[in-house]
Amino acid sequence: MKTGKLNIYKVIIQCVIALSILVLMAVYFNKSDNQLSSTGDTVLFIIAGVLAVATLVYVLYKNRQKAQKLKILLPEYLDVYDQVMAHVELSNINVFDKKNIASDVLSLLYEGQLRKDSVEEILGDDVKSFALSVTRALGGKVNWLIHEISGLQYFLGYLLLIKAADNMDSMKGLSSYLNATVDNSSILLFAVVSFIVIPLIFTLHQKTVFKESLMGLMSIYIAIPVGAVLLFRVMMGALKNNLMHVTFVEQLVDGKWTIFSSSVVLLMLLVIIATGFVVKRKIRYNQIKNI
Amino acid sequence: MGKSSQMLKGLLEGCILKIIQEKETYGYELVEDLKQGGFTEVTEGSVYPIVLRLEKKGIISSIKKASPLGPKRKYYFLTDLGRKELTQFLEGWVILKQNVDYFIEDFSKKEVSDENR
């Protein structure tokens with residue numbers, strides 16, 4: 001399948017997912033009779049909604065950029081550019097370096113196109129090797145540790161959002177500001193999303209960037225997230241039906257957790273999130289040093 | 001083949017530094033100079049990651065200048081650190097060449113004369 005056609009399917013899939021999430025959100029809020037059943041679930045849906053809207057905006061923006069690039073690059077060069085940049089975007093390289101690479105690779109391909117050199121003459125036989133060597137040159141190789149650090153940042157960010165959402169409900173006093181109570185099941189769901197689903201999506205996406213595989217894309221964008229949430233709901237249902245007599249399970253399914261019992265805990269979470277960026281940067285520089 | 005490509009990578013870096021020392025240059029021109037020097041298999045795809053790494057380590061730096069062919073071109077030049085690296089590479093190469101030349105040219109002659117004794 002040509003990469004151009006694959007990109008069209010990718011756009012359609014992304015738009016369908018984004019719209020589905022928006023529809024689910026509308027159904028959820030409509031059903032709950034203006035009473036939000038759980039701060040954790042609400043924040044999760046809001047995050048999903050924001051991501052859905054952001055995805056739509058991002059897809060439209062990328063398509064506009066692509067249309068502009070098509071004025072410069074012929075389709076076969078643009079396909080290669082897209083593949084290389086898709087790989088670079090998934091790497092551990094910082095934002096500024098990614099922008100520089102985008103500009104350099106575009107310039108490289110454009111001048112090659114003007115000289116009437118083929119893609120193989122410009123980049124070599126293997127576009128994948130080129131993309132890998134570019135990301136490795138800047139310490140951008142991603143491993144499971146980096147995924148889990150990012151997962152920890154998403155998870156802690158989710159807890160902070162819950163606190164903010166819970167606090168917006170009432171601004172009573174300092175003690176209320178510092179306490180946020182949320183369902184344990186919502187926390188567990190977001191932990192599964194942060195530490196398992198998102199790393200799996202990024203890993204699979206990296207592996208399928210250079211293969212022209214629609215099944216791969218569908219697994220990434222639809223099957224994994226939807227499957228994970230469904231599996232989680234089935235698991236929670238099974239636990240509720242069979243193991244509620246076990247205290248731990250009862251707490252997990254029906255319990256609530258008070259997070260942020262003090263401002264120190266809040267500060268600690270912010271420090272851990274910031275430390276995550278420092279650690280990822282350190283891993284990047286070590287990779288560069290060891291080349 | 002793996003080992004010779006590793007060796008080539010190290011040598012390419014040194015040659016790239018030497019070219020950049022002689023003149024401010026850009027990617028395609030670098031590749032053409034390398035091909036003229038005998039590295040016929042190199043492409044911009046093989047050179048770009050090397051200059052990217054060298055720039056990240058502060059060994060070379062770059063400046064964008066207008067190009068007759070379209071978007072601005074990145075021209076590379078050596079930094080002070082780059083000049084030190086190049087000096088080290090050239091010194092290391094002289095010693096390495098002497099050692100390898102010994103085994104290629106003199107070692108077999110030595111073996112033959114030992115046998116004849």
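Lys74(B) and Glu55(B) form a salt bridge in which the closest N and O atoms are 3.9 Å apart; a salt bridge is a side-chain nitrogen of Lys or Arg within 4 Å of a carboxyl oxygen of Asp or Glu. This pair links distant parts of the chain, with Lys74(B) in strand β2 of chain B and Glu55(B) in helix α3 of chain B, 19 residues apart. Helices (H or I, at least four residues) and strands (E, at least two) are DSSP runs, numbered from the N terminus. Lys74(B) counts as buried at 14% relative accessibility, while Glu55(B) is partly exposed, with a relative accessible area of 23%. Here buried means under 20% relative accessible area, exposed means over 50%, and partly exposed lies in between (1.4 Å probe, protein chains only). Salt bridges that share partners join Lys74(B), Glu55(B) and Asp104(A) into one network.

The model is predicted: local features need pLDDT of at least 70 and side-chain atom pairs count only at pLDDT 80 or more, whereas totals for chains, interfaces and linings use all residues. Residues are numbered from 1 along each chain as its sequence is written, chains are lettered from A and ligands numbered from 1 in the order in which they are written, and side-chain values use heavy atoms, with hydrogens and water left out.

**Salt bridges**

Over all chains, the count comes to 12 salt bridges. Four salt bridges are counted between chain A and chain B. The table lists several of the pairs.

| Pair | Closest N to O distance |
|---|---|
| Lys74(B) and Glu55(B) | 3.9 Å |
| Asp104(A) and Lys74(B) | 2.9 Å |

Arg53(B) lies in helix α3 of chain B and Glu13(B) in helix α1 (residues 2-22) of chain B, so the pair ties together parts that are 40 residues apart in sequence. Arg53(B) counts as buried at 6% relative accessibility, whereas Glu13(B) is partly exposed at 23%.

**Chain B**

Chain B has four helices and two strands, which run α-α-α-β-β-α from the N terminus on. Of its 117 residues, 29% count as buried. The chain exposes about 7,400 Å², and carbon and sulfur atoms supply 57% of that area; accessible areas come from the Shrake-Rupley method with a 1.4 Å probe, and for residues only the protein chains shown count as cover.

Why is α3(B) described as largely enclosed by the rest of the structure? The reason is that 10 of its 13 residues are buried, among them Tyr48(B), Ile50(B), Leu52(B) and Arg53(B). The expected span of a helix is 1.5 Å times one less than its number of residues. For helix α3 (residues 44-56) of chain B this gives 18 Å, and its end C-alpha atoms are 18 Å apart, which agrees. Gly58(B), which follows α3(B), has a positive phi near 80°.

Strand β1 (residues 60-67) and strand β2 (residues 70-78) of chain B pair in the antiparallel sense over seven bridges; two strands pair if DSSP finds at least two bridges between them. Ile60(B) has Leu78(B) as its bridge partner in β2(B). The two strands, β1(B) and β2(B), form a hairpin with two residues between them.

**Chain A and its interface with chain B**

In total, 27 residues of chain A are in contact (heavy atoms within 4.5 Å) with 19 residues of chain B. The area buried between the two chains is about 1,900 Å², of which carbon and sulfur atoms give 60%; buried area is the accessible area (1.4 Å probe) that two parts lose on being put together, summed over both. On the side of chain A, Asp104(A), Glu111(A) and Arg115(A) lose the most area to chain B, together 27% of what that side buries.

Lys116(A) is found in the loop between α4 (95-114) and α5 (119-123) of chain A. This residue is exposed, with a relative accessible area of 72%, and its phi is positive, near 65°. Most residues other than glycine have a negative phi.
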